[in-house]
Amino acid sequence: MVLHNGECLNTKKDSWKTLLLLAYQSLGVVYGDLSISPLYVYKSTFAEDIHHSETNEEIFGVLSFVFWTLTLVPLFKYVFVVLRADDNGEGGTFALYSLICRHAKVSLLPNRQVADEAVSTYIMESLPETKSHSKVKLLLEKHKSLHTALLVLVLLGTCMVIGDGVLTPSISVFSAVSGLELSMSKEHHQYAVVPITCFILVCLFALQHYGTHRVGFFFAPVILTWLLCISALGLYNIFHWNPQVYQALSPYYMYKFLKKTRKGGWMSLGGILLCITGSEAMFADLGHFTYIAIQIAFTFLVYPALILAYMGQAAYLSRHHNINTSYQIGFYISVPENVRWPVVIIAILASVVGSQAIISGTFSIINQSQSLCCFPRVKVVHTSDKIHGQIYIPEINWILMILCNAVTIGFRDTKHIGNASGLAVMTVMLVTTCLTSLVIVLCWHKPPVIALAFLLLFGSIEVLYFSASLVKFLEGAWLPILLALILMTIMFVWHYATIKKYEFDLHNKVSLEWLLALGPSLGIARVPGIGLVYTDLISGIPANFSHFVTNLPAYHRILVFVCVKSVTVPYVPPAERYLVGRVGPPAHRSYRCIVRYGYKDVHQDIDSFESELIDRLAAFIRYNGYQSNATNSCMEDDGRSSNDSTRECRFTVVKTVAFSGQPAYEMDESVHPESVSVGFQTVESATDVIEMEPVHVVEKRVRFSADDDSETDPHSEMDMHVQEEMEELLAAKQAGTAFILGHSHVKAKQGSSLLKRAAIDLGYNFLRRNCRGPDVVLKVPPASLLKVGMVYIV
């Protein structure tokens with residue numbers, strides 16, 4: 001189709017409008033934390049280590065460091081390199097880990113399948129592999145210790161992001177409120193700033209359950225107003241006090257600064273690095289916007305505004321040498337007195353917006369950690385039906401509120417909070433640099449020399465700042481280390497116990513013959529209804545079901561083994577979410593359904609999940625009945641019948657089809673990503689689950705269409721067995737659904753080491769008792785819940 005030139009121009013114009021709108025909206029979500037850093041950078045830098053002198057070498061050196069740090073890290077590293085390392089448009093620590101896991105077998109997630117690689121979002125670049133790339137990949141895959149080290153690195157970054165969620169609201173709001181100190185005596189402001197800060201923080205966390213979408217429209221104008229405000233103040237101070245301040249942007253002033261201040265100058269870098277706090281948000285929030293929109297907003301607005309703000313403060317301080325205390329060296333001292341109150345109000349609003357962004361990011365990364373079996377189960381509430389990804393976690397929210405207020409009351413100044421925040425920020429950036437280096441080699445297939453150059457260039461800058469922060473261990477930097485230690489212990493214990501439970505289930509699963517032998521001869525009855533047996537296994541009969549039948553000699557007429565699992569992709573398209581297969585012969589009416597979610601997917605509520613699951617079963621039965629060899633649907637991949645009753649049938653990805661309808665179908669040679677059916681063999685052993693090798697499978701693609709007009713009546717072609725199976729499914733649906741879940745107690749086996757017994761018997765069981773149960777996470781109604789007790793000896 002040929003478009004007229006006018007239409008092309010309109011389309012191009014509309015796309016630019018959309019792009020600029022996204023860039024504008026990104027201000028409130030992405031740049032809140034980064035934009036408010038001028039409030040506390042100079043104050044933290046000149047706290048103790050260096051002093052402002054009449055030569056201006058200190059203030060000009062700090063300005064030079066701030067300029068080049070903002071240029072090299074947020075602009076060059078994030079905007080031009082890291083933002084390109086997206087996972088289907090998503091960014092953040094887990095996006096990088098997900099990319100690496102898909103290109104190299106380094107994932108420690110249980111119940112992986114080759115079938116997961118058929119998900120359309122499982123993007124693999126088809127670039128030719130270089131010899132050096134293959135060596136790096138083989139090295140990573142060969143050593144299991146490197147798999148664990150990679151996971152520890154990711155968890156470290158995650159813990160520091162959570163730690164930043166504690167520290168950023170404290171330092172942001174405290175610095176904004178500290179503008180009141182210039183209007184009060186020193187004795188009075190000490191008793192006013194901390195209570196006001198705590199009050200604002202309590203209000204901020206108390207409103208989290210309403211969701212950000214209700215006030216989200218308010219965020220971007222606040223940050224835009226703030227950026228314009230600090231830009232105008234910067235220009236005013238430059239032209240009014242020192243128009244020659246631009247000369248301090250030369251790197252020569254960094255050399256003069258370090259030559260004069262020596263150790264004190266190096267230690268003051270712990271304050272300078274605060275100018276890039278919030279840079280990681282550009283990458284973490286990539287999924288909400290686009291790469292170009294974030295690039296435009298930072299390059300043409302945020303970056304120039306911040307540079308002008310820092311230059312303006314330096315210009316003012318270069319003409320005021322009688323200011324020697326951090327109480328006086330701050331943002332508000334350079335604000336003209338007649339506009340100080342409006343600026344304080346705008347600063348407080350901007351600090352609240354910046355805090356909101358990091359709080360939402362903390363909720364998001366904890367949800368991702370939970371999806372990848374690295375965090376105890378917590379209740380996730382989705383605050384918006386229209387905007388994807390806006391979540392609220394009640395337990396985490398109140399813990400963050402308590403910790404934020406404790407930090408504010410305990411430290412009472414920006415110096416100690418800044419030292420703590422700086423260490424957390426630099427650790428996250430170092431983790432991102434290391435993971436991006438692996439992405440450059442494994443995913444982009446670039447020579448390792450390029451990845452090494454990236455690592456050395458940005459890693460050396462970040463290590464320099466990290467060392468300056470680490471030296472301040474006793475002056476506040478101990479806090480993020482303590483938080484990270486506690487969080488990493490919790491996350492690693494939970495992940496370790498989860499893997500051990502899965503291995504126990506895998507080695508204690510019941511054979512299919514046992515299930516098929518159950519019947520009236522053994523006193524086992526089939527009762528009306530649908531029984532959904534939840535398990536982590538993707539094959540075999542779970543031990544908790546055998547416990548259930550042993551204690552209650554009956555099970556439902558329609559039996560479905562449900563496995564809800566996570567895949568290392570951000571999202572699984574709804575049409576590809578359900579893998580359905582039979583367990584045993586068709587007459588047994590037993591099925592297996594594997595429900596796949598990405599690490600950023602929204603889990604369905606139980607009502608829609610139950611109805612959709614039944615619709616998928618119905619679609620599978622129809623598809624299975626229409627196969628040319630419907631008399632024996634269990635076939636090996638080469639087309640021969642399988643006489644081994646211990647094998648389960650191949651899984652089929654089925655699209656949602658209304659249960660009441662009778663859809664037609666057609667075989668199609670082309671791929672339809674929205675509704676693809678693919679056959680895969682299941683895996684049977686622990687080795688196959690943990691280390692899957694590519695297998696050659698026969699693929700069949702089927703497109704279901706509920707609305708297509710068919711010349712023949714589907715009822716007339718449907719086999720009598722299929723009709724009977726459909727009628728039984730309908731009758732079972734009307735009889736009701738029961739959800740059967742395992743209620744586990746985990747114990748370390750005899751002879752285990754003291755560390756393992758402490759981790760399992762004390763740590764994991766304490767977490768299990770005090771976190772949400774699987775029924776709450778899966779949103780199972782209590783009236784339909786059946787719990788089966790299980791003791792795991794791991």
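Mentor: The account below takes the salt bridges in turn and then moves to the strands.

This is a predicted model, in which local features need pLDDT of at least 70 and side-chain atom pairs count only at pLDDT 80 or more, while totals for chains, interfaces and linings use all residues. Residues are numbered from 1 along each chain as its sequence is written, and side-chain values use heavy atoms, with hydrogens and water left out.

A salt bridge is here a side-chain nitrogen of Lys or Arg within 4 Å of a carboxyl oxygen of Asp or Glu. The count by this rule is 15 salt bridges. In one of them, Glu-57 pairs with Lys-260, at an N to O distance of 3.9 Å. Because Glu-57 belongs to helix α4 (residues 57–79) and Lys-260 to helix α10 (residues 252–261), this pair ties together parts that are 203 residues apart in sequence. Helices (H or I, at least four residues) and strands (E, at least two) are DSSP runs, numbered from the N terminus. Glu-57 is partly exposed at 22% relative accessibility, and Lys-260 is also partly exposed, at 39%. Buried means under 20% relative accessible area, exposed over 50%, and partly exposed in between (1.4 Å probe, protein chains only).

The side chains of Lys-77 and Glu-462 meet with N and O at 2.6 Å. Here too distant parts of the chain are linked, since Lys-77 lies in α4 and Glu-462 in helix α17 (residues 448–470), 385 residues apart. Both Lys-77 and Glu-462 are buried.

Glu-728 is in helix α24 (residues 720–735) and Arg-557 in strand β4 (residues 554–567), a separation of 171 residues. Glu-728 is buried, at 19% relative accessible area, whereas Arg-557 is partly exposed at 29%. Elsewhere, salt bridges with shared partners join Glu-57, Glu-58, Lys-256 and Lys-260 into one network.

The C-alpha atoms of Arg-526 and Arg-557 are separated by 5.2 Å, although the two are 31 residues apart along the chain. Arg-526 is placed in strand β3 (residues 525–534) and is partly exposed, with a relative accessible area of 28%. Contact means heavy atoms within 4.5 Å. Neighbours within four places in sequence aside, Arg-526 is in contact with Tyr-555, His-556, Arg-557, Ile-558, His-588, Arg-589 and Ser-590. Its side chain reaches the backbone oxygen of Arg-557 at 2.6 Å and the backbone oxygen of His-588 at 3.1 Å.

Ser-590, one of the contacts of Arg-526, falls within strand β6 (residues 590–598), which runs antiparallel to β5 and is joined to β5 by five bridges. Strands are paired if DSSP finds at least two bridges between them. Within this pairing, Arg-582 has Tyr-591 of β6 as its bridge partner. Strand β5 (residues 578–582) is mostly covered, five of its five residues being buried. Tyr-578, Val-580 and Arg-582 point one way from β5, and Leu-579 and Gly-581 the other way.

Note on methods: A polar contact is a pair of N or O atoms within 3.5 Å; within protein, one must be able to donate a hydrogen and the other to accept it, and residues adjacent in sequence count only if both atoms are side-chain atoms.
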